[in-house]
Amino acid sequence: MTRLDPAPARQDPLGWDARANQAAQSVTALFGRRLFFLPGTHLGAVQWPAPAWRKDPKGALAGPWHYWWQAHYVDCLVDAGRRELANGGTPDARFNGSGHPSAGRLASRLVTGIRLRNAFTFVNSYYDDMAWLALATHRLDTLAEEARRSGRRRNARVRRSLTLQFEAACTDDLDGGAFWSKKRDFKNTPASAPIALHFARTGHPQKSRALLDWLDATLFDPDQGLYLDGARLGPSGEVLVERAVYTYNQGPVLGALLEMGREADLDRAAVVVAAVDRLLTLPSPAGQPQAPSPMNTAGHLPATGAMTSSGGRVLRCEGSGDGGLFTGILCRYLALAAADSRLPAQTRTTAARLVAGTAGAFWSGKRSVQAGEAADSHRGAVIFSQHAAQPADATYPPGAAVELSTQLQAWMALEAAAALPGNTGDAGNDAGN
């Protein structure tokens, strides 16, 4: 369990960096713990306060296991690690203060915890779960390289092992795409898109292109400009398309399009960003700070924390459980679009506005952990809402069980806002991170 320390004095308490640090401190303090008290491990509890079964050490195995929540926890820690590195990479730059491990070290311990909790393997029944972990470990190794430290050979083995799983998931059934699970009865965007992004980032562009072509041919809805959920074979051999539209499905497709980077890919990315703005948003909460001012003529966002109180919109959220991660994932990839100079300025401005507006709403709607809710070690922690358009007091009043997924979602949104060009400098074509 991590004790919260005050944010280092170097940070602007109104800036995105300080806000992302507050989210990182709160999530790791409230949810982070060792697995079976084993040194060198870390894992995120499913909910806070811990249910009665969790107080028994055996409860770590008896309770529900959400592999892909942990994968996004790794990604969030990598985001925090990148900010630590940008701030000098010293112990004083750590998100939780010099007395705690770096975010990268904690992420590595989390990968160890995932393997142990997952029965000593990284292989899972769901191909999308494994794709998220493959993406996270790749980013973790990239962080190590940027810090001039050797990456974990373990992470490379993880990706090699999971890549074999992805190759098995990608078949000619339904004319292409990747299966969602080992039942092999449904191919969908949640698996095909992150696997495409993984292939693109690890030197397999043809495999990535095949998946993107299948997504475009089978699941892209030109009337909406968005990707539908999935497809399966009907009883007569016909292709049945599941037409549900989810926020997080658009994110990894957007990432893969930027990574591949052909003119047609960039054109499609611009269409997706515009459609997200048009169809997957809600009015901003009244009285809360909204999106940043438009990018200047150089294509940069204004300085950190620059906001306007004019009316705007925030990304819709998908509730609790697995849906509690969805909008945070979309924010991650919208931030990449905002930083990609190959996209039109209007597209980048729209992406940045959606990220900053949504992150700002999560921040404005947060609540503090109340006296009596937790031990003194949690003093200073905050709870974020399930929905950017509602305050945490409404979705998580004192005494309510808070789910890890929703807190990771808000943390992801704040990290995405901290990564916007106007906050960290012009990232240019930064589709690889």
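This note goes through a predicted model point by point, from the whole chain down to single residues.

1. Basis. The model is predicted, so local features are given where pLDDT is at least 70 and side-chain atom pairs where pLDDT is 80 or more, while totals for chains, interfaces and linings use all residues. Residue numbers run from 1 along each chain as its sequence is written, and side-chain values use heavy atoms, without hydrogens and water.

2. Overall make-up. The chain holds 15 helices and 13 strands; these are DSSP runs numbered from the N terminus, with helices (H or I) of at least four residues and strands (E) of at least two. Of its 433 residues, 58% are buried, where buried means under 20% relative accessible area, exposed over 50% and partly exposed in between, with a 1.4 Å probe and protein chains only. Contact means heavy atoms within 4.5 Å. Among contacts with a separation of 6 or more, 69% come from residues 24 or more positions apart.

3. Sheet. Three strands form an open sheet in the order S4-S7-S8, with antiparallel pairing; two strands pair if DSSP finds at least two bridges between them. The edges are S4 (187-188) and S8 (239-242), each of which pairs on one side only. S4 and S7 are joined by two bridges, and Asn188 stands opposite Gly230 in S7. S7 (residues 230-233) and S8 are joined by four bridges. On that side, Ala231 stands opposite Val241, and Arg232 has Leu240 as its bridge partner.

4. Hairpin. Five residues lie between S7 and S8 in their hairpin, where Gly237 has a positive phi near 85°.

5. Helix packing. H3 (residues 67-86) packs against H14 (residues 404-418) at about 30°, with the axes 10 Å apart. Axes are lines fitted to C-alpha atoms, for helices over the stretch in contact, and angles run from 0 to 180 degrees between N-to-C directions. H3 and H14 are therefore roughly parallel; angles under 35 degrees count as such, over 145 as roughly antiparallel, 65 to 115 as roughly perpendicular and the rest as oblique.

6. Helix contact residues. From H3 the contact includes Trp69, His72 and Arg83, and from H14 it includes Leu408, Trp411 and Glu415. The residues of this contact divide into ten nonpolar, three polar and three charged. Here Ala, Val, Leu, Ile, Met, Phe, Trp, Tyr, Cys and Pro count as nonpolar, Asp, Glu, Lys and Arg as charged, and the others, Gly among them, as polar.

7. Gln409. This residue lies in H14 and is buried, with a relative accessible area of 0%. Beyond its neighbours within four places in sequence, the contacts of Gln409 include Cys317, Phe326, Thr327, Phe362 and Gln386.

8. Ala29. Ala29 sits in H1 (residues 16-31) and is buried at 1% relative accessibility. Its C-alpha atom is 9.6 Å from that of Asn96, which is 67 residues away along the chain.

9. Backbone points to check. The Trp48 to Pro49 peptide bond is cis, with omega near -10°; Pro49 lies in the loop between S3 (47-48) and H2 (59-62). Leu174, a residue other than glycine, has a positive phi near 60°, and Arg184, also not a glycine, has one of about 55°. Leu174 lies in the loop between H6 (153-169) and S4, and the place of Arg184 is in the loop between H6 and S4. Leu174 is buried at 15% relative accessibility, whereas Arg184 is partly exposed at 34%.
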